[in-house]
Amino acid sequence: MTTPPRYSEDLVELDVDGWLLEETPVPGCAPCGTCAVKRDEAAKAGDWKAACAAARGIRNHRHGHRESV
Ligand SMILES: [Zn+2]
C-alpha cells in the first residue's frame, strides 16, 4: 500500500504557524533562552497557543540597548 502525500496539507498549516515561531533568541540572553525552550517544548507537544506565546515573549524582549542589571 502506498500512502498519498497528504503531508503537504499539514506543511501548509505548519507554515502559517511557523512564522509566528520563528523568533530567534539572542545568544546569551537568559529570558530569550527560557522562552525558546518553552516554545520548543510547547511546539513538540502540539500546544501552539503556548508556543506562540513563548515566541511572542522573545519578540517582545527588546535588545536595542544593553542594560547592566
Ligand atoms: Zn532577550
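**View 1. The salt bridge between Asp40 and Arg39.** The side chains of Arg39 and Asp40 meet in a salt bridge, with 3.7 Å from N to O, the term being used for a side-chain nitrogen of Lys or Arg within 4 Å of a carboxyl oxygen of Asp or Glu. The structure holds one salt bridge. Asp40 is partly exposed, with a relative accessible area of 42%, whereas Arg39 counts as buried at 10% relative accessibility; here buried means under 20% relative accessible area, exposed over 50%, and partly exposed in between, for a 1.4 Å probe and protein chains only. This is a predicted model, in which local features need pLDDT of at least 70 and side-chain atom pairs count only at pLDDT 80 or more, while totals for chains, interfaces and linings use all residues. Residues are numbered from 1 along each chain as its sequence is written, and side-chain values use heavy atoms, with hydrogens and water left out.

**View 2. Helix α2, residues 30-44****.** Helices are DSSP runs of H or I with at least four residues, numbered from the N terminus. The 15 residues of α2 should span 21 Å at 1.5 Å a residue, and the 21 Å between its end C-alpha atoms agrees with this, the expected span being 1.5 Å times one less than the number of residues. Cys32, Cys35, Ala36, Arg39 and Ala42 are the buried residues of α2. Seen down the axis of α2, these buried residues fall within an arc of 135°, so they line one face of the helix; the arc is that of the directions from the helix axis to the C-beta atoms. The face turned away from this buried side carries the exposed residues Ala30, Lys38, Glu41 and Lys44. Gly46, which follows α2, has a positive phi near 80°.

**View 3. Helix α3 and its packing against α2****.** The buried residues of α3 include Ala51, Cys52, Ala54, Ala55 and Ile58. Seen down the axis of α3, its buried residues fall within an arc of 160°, so they line one face of the helix. Lys49 and Asn60 are exposed on the other side of α3. The buried residues of α3 pack against α2, and α3 (48-60) is in turn among the elements that cover the buried residues of α2, where contact means heavy atoms within 4.5 Å.

**View 4. Cys32 and Cys35 in α2****.** Cys32 counts as buried at 1% relative accessibility. Cys35 is in no disulfide, and the nearest cysteine sulfur, that of Cys32, is 6.7 Å away; a disulfide is a pair of cysteine sulfur atoms within 2.5 Å. Cys35 counts as buried at 18% relative accessibility.

Key
Helices (H or I, at least four residues) and strands (E, at least two) are DSSP runs, numbered from the N terminus.
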